Amino acid sequence: MAILDVPHAQTPVNEGSTVRRPRIALVGPTFPYRGGIAQHTTMMARALQKIADVLVVSYRRQYPKILYPGLSDRDPAAPDPQLDDLRYLIDSINPLTWCTALWEIRRHRPDMVVFVWWTFFWAPCVWFMAWRLQRLGIHVRFFCHNAVEHEGAWIKAWLSRQALARADSFFVHTGEDEKNLRQDFPDAPVGKYPHPIYDHFPHPTEVLPRRAASELLFFGLVRPYKGLDVLIEAMGLLKDEDVVLSVVGEFWSGRAEIDDRIIELGLQDQVNIVDRYVSDEEAANHFARADIVVLPYRSATGSGVIPLAYHYGKPVIATNVGGLPDVVEDGGTGWLVPPESPDHLAAAIRNARAQSPDSTASAIAELKRSLTWEGMATAVSAR
C-alpha cells in the first residue's frame with residue numbers, strides 16, 4: 001500500500017477576532033450527471049463546503065449527443081447534490097457560457113479555482129477559463145483524474161498538455177498520475193491523496209439470487225482499456241468450476257465481439273451481461289451479491305470502482321497497472337495480477353475463491369477508516 005502523500009492543511013486567516021474560511025470555486029460535473037467523475041465531484045464538494053466557502057460550477061451540457069456513445073449522460077434517479085451554492089452554467093461548445101461562468105466565479109472572489117480534469121474534450125473551455133482567471137491573479141489548480149488519455153491519439157495528448165499547462169498546481173489520486181504530470185511539468189506542485197471510499201451509496205434493497213459458489217463482478221462502463229475480453233478468456237479457463245461472472249455496465253463498443261467469444265467458449269451459463277447504466281440502488285444489489293470485484297484493466301491511472309467495492313466490503317482482483325497498486329494491498333484488500341494474462345487472472349480467481357471472506361475484511365475496514373472525503377478536502381484546499 002502506498003503511503004499517503006498529503007500536503008499540510010491550510011491555515012485559516014485571522015482577521016481581527018474572526019477566522020476567515022478559504023474561498024474556493026470548484027468547476028466540474030455533479031449530480032444528476034452520470035458516472036464516476038460526477039459522483040466524485042459531488043462528494044468532494046460536499047466535503048469542501050464543511051471547511052470553505054465553495055461555489056460549485058457544473059454543466060448545462062457536457063457533450064453534444066453525437067460525441068456521447070451512451071444513451072444519456074444524466075441519471076434521472078440521481079440524488080440531490082446537497083450543495084450550498086451549485087450553478088449549472090457551462091455548455092461545452094458555447095464559449096458565451098464560459099464567460100458567464102467566469103463572471104460568477106469572479107463575483108465569488110475565490111482564493112483558488114479547482115478544475116476537475118479527466119479528458120481532452122474539455123481542453124478549449126478549461127484553457128480559456130484558466131487563462132482568464134490567472135490574469136486576475138487567482139490560483140488555478142487542476143484535479144486530474146487522468147493526466148493522460150486511456151485511448152489517445154497524439155492530438156488528444158497535445159490538447160491535454162495545452163490545457164494542463166495553464167495550471168498553477170495539480171492534485172491527483174495516484175503515483176502514476178503524479179509521474180505522468182511531472183514528465184511534462186517537472187516544477188509544478190503536485191498534491192496527492194488516494195481515492196476516498198464512497199460512502200453515499202445505499203444499502204442493498206434486494207437479495208439477488210446466487211447462481212454459483214463464487215460470484216464475480218465486473219462493474220462500470222465497458223471500454224477496451226478495461227480488459228473485459230481478458231476476463232472472458234480467464235472465465236474460459238474456469239469453465240468447469242462453480243463460478244459466475246456478472247458484467248454490469250453500458251458497452252461503448254465491442255459488445256458483439258464479447259458475445260461471440262462467450263458463445264465460442266461455451267460460457268452462456270457462466271457470464272451474465274447487464275448492458276446498461278444502473279442506478280445506485282441497483283448497483284448496491286449487485287455488489288452485495290458479489291464475492292469478488294474484478295478489474296482486468298490494460299491501463300489505468302486510477303479507478304472509482306475499487307473504493308466502491310471497499311464500501312461494500314468486497315475484495316478486488318486488479319491488474320498491476322497505473323495507480324491500481326496504490327489502493328490494492330496484495331494479499332490484504334485484494335490481489336494483483338499482470339495485465340493481459342488470462343492465466344494469471346484465472347489463477348488469482350482460484351486463489352481468492354479458496355480464501356475465507358474474513359481474510360480481507362480487516363484490511364478493507366482499516367482502509368475505509370483512513371481514506372475519507374474530509375481528509376481529501378483538507379488536502380485539496382491547502383496552498
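Tutor: Happy to. The sulfur of C99 lies 9.7 Å from the closest cysteine sulfur, that of C125, which is too far for a bond. For C125, the closest cysteine sulfur is in turn the one in C99. A disulfide would need the two sulfur atoms within 2.5 Å, and the structure holds zero disulfides. Before going on, keep in mind that this is a predicted model, where local features need pLDDT of at least 70, side-chain atom pairs count only at pLDDT 80 or more, and totals for chains, interfaces and linings use all residues. Residues are numbered from 1 along each chain as its sequence is written, and side-chain values use heavy atoms, with hydrogens and water left out.

Now to the interior. A nonpolar core is a set of buried Ala, Val, Leu, Ile, Met, Phe, Trp, Tyr and Cys residues joined through side-chain atoms within 4.5 Å. The largest one has 94 residues, and I90, F115, F142 and F170 touch the most other members. Its largest share, seven residues, comes from helix α1 (residues 36-48); helices here are DSSP runs of H or I with at least four residues, numbered from the N terminus. In soluble globular proteins, nonpolar side chains tend to be buried together. Another core, of 30 residues, lies apart from the largest one, and V222, A234, V243 and W335 are among its members.

L133, in helix α3 (residues 123-135), is buried with a relative accessible area of 0%. Beyond residues up to four places away in sequence, L133 touches L102, I105, V113, F115, I138 and V140. F115, then, is one of the contacts of L133 and also one of the residues touching the most other members of the largest core. M112 is 21 residues from L133 in sequence, with the C-alpha atoms 9.4 Å apart.

I155, in helix α4 (residues 154-164), is partly exposed at 38% relative accessibility.

Methods: Helices (H or I, at least four residues) and strands (E, at least two) are DSSP runs, numbered from the N terminus. Buried means under 20% relative accessible area, exposed over 50%, partly exposed in between (1.4 Å probe, protein chains only). Contact means heavy atoms within 4.5 Å.
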